[in-house]
Amino acid sequence: MSRLFVVSNRVALPGAVQAGGLAVALHGVLKERRGVWFGWSGEFGDGPSRVQIGDGIRFCLIDVPEDEFEGYYHGFANRALWPLLHYRVDLIHFDRSEYTRYLAVNERFADALSRELRGNDEVWVHDYHFIPLASALRARGLGQRIGFFLHIPLPSWDVLCMLPDHRELFSALAHYDVVGVQTQADADNLQRYFDAMGVDAGTCTIEAFPIGIDAAQVARDAVSAAGCEAVAALRRSLEDRRLAIGVDRLDYSKGLPERFQAFSSYLDAHPDDIGRLTYLQIAPPSRGDVPEYRDLREQLERFAGHINGRLARPDWTPIRYVNHCYPHDVLAGFYRAADLALVTPLRDGMNLVAKEYVAAQDPRDPGVLILSRFAGAAHQLGDALLVNPHDIDEMADAIARARGMPRAERQARWSAMHDTLQQSSIGAWADGFLARLEAGAGPMPASVPRDLPHMAVRALGEGVAS
């Protein structure tokens, strides 16, 4: 029986934190397939990988030297690739020494994997941190089937071309047997890039696998959370007011400044709702060491302070802006308490908050989802109120429409979206991707390296300036 190896930047160790839907799905398939999960240990160093066993899964935890990690993660992955893949080319910071360290970490993971793989084992690589990993494995003569899934957007070929050394990097995707993306548009973009750059994709299959959620579990959490003190306290604090909610990691891709402005514009245009509608924005900080994220946090604090100072009343604050994390079950309770959700990223691969909000609703009196057209979820949740997140007036109008939507229409829209969630669960996503990866049974012959980016790692020993 073949084993499944999952590779991601971080692993979800049993009992460490409350597992989200993706972690639960990966744990399930890894347990079924005597799986191994490779990821960064969270520690800096240059020692051998450490093995930890838990819940029937073998975890291989890899230390990374601090200077390599800084260049790989805080540098190239999150200051070059992340803005590029979210169409924010104005925020790209490219430093060749950081790119070299990104490649070095991929080489480090390839070394660790090559010592473990055998026979018909399969590898499933996750996200933009490990784009060149398959090419590094092929260069070591490994012919196992290797799949890659990109959780974030994949922009058009001309946007990808704006990254220095783009061909060296993105042509490495052709060494995967399956490249999975969130939407058909993403799949088309990668194929057009290969065509435009003359990349021989060989036997690489590019396909859309939209990620789902466990809708039934979210619904159960939402109901049971009614007895949770955090949810009960929120409901008490609202008294008879209505609630709009947004839940996003603090990131410039999420469109939070535009969303704050839209809510302010809505209240200006509908003064009768001043004191009657509260907007709760939960935005846990991330990547605090990256300047763009510090700037965003300061901007949102200014916006929230200005709007609240202008519109607040002694017994009511229009925006509750919270930089805390909450467990998934508590969030499900918050979603159920909200009459409308604002999910308006400028770009998003999928956006599972949109799906979780729908799953958490009371079928008898569901809330309204306002969703960005540029989130992958919009391709599946067409019965949401779809908006352009760059258009402040359109978002404000959508809030007004949600506030006045009759219950029968809300129920019809919710029912259609809920049917979609049931048909495209997180389990179905994992099973579908792995079935596609296994479609070509047996090991693939190792291919001849083509423009392998791993060769650039040699520069690490040749005095590259940091």
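So, Val6 sits opposite Trp124, which belongs to strand 5. Strands here are DSSP runs of E with at least two residues, helices are runs of H or I with at least four, and both are numbered from the N terminus. Quick word on the source: this is a predicted model, where local features need pLDDT of at least 70, side-chain atom pairs count only at pLDDT 80 or more, and totals for chains, interfaces and linings use all residues. Residues are numbered from 1 along each chain as its sequence is written, and side-chain values use heavy atoms, leaving out hydrogens and water.

Okay, back to strand 5. Strand 1, residues 4-7, runs parallel to strand 5, and four bridges join them; to count as paired, two strands need at least two DSSP bridges. Strand 5 also pairs with strand 6, residues 145-149, in the parallel sense over five bridges. There, Val125 has Phe148 as its bridge partner.

How many of the residues in strand 5 are buried? Five of its five, across residues 122-126, with buried meaning under 20% relative accessible area for a 1.4 Å probe, protein chains only. Glu122, Trp124 and His126 lie on one side, Val123 and Val125 on the other.

Now over to a pair of helices. The axes of helix 9, residues 229-238, and helix 12, residues 328-337, come within 9 Å and cross at roughly 25°; those axes are lines fitted to C-alpha atoms over the stretch in contact, with angles from 0 to 180 degrees between N-to-C directions. Helix 9 and helix 12 are therefore roughly parallel to each other, the label for angles under 35 degrees.

Conventions:
Buried means under 20% relative accessible area, exposed over 50%, partly exposed in between (1.4 Å probe, protein chains only). Angles under 35 degrees count as roughly parallel, over 145 as roughly antiparallel, 65 to 115 as roughly perpendicular and the rest as oblique.
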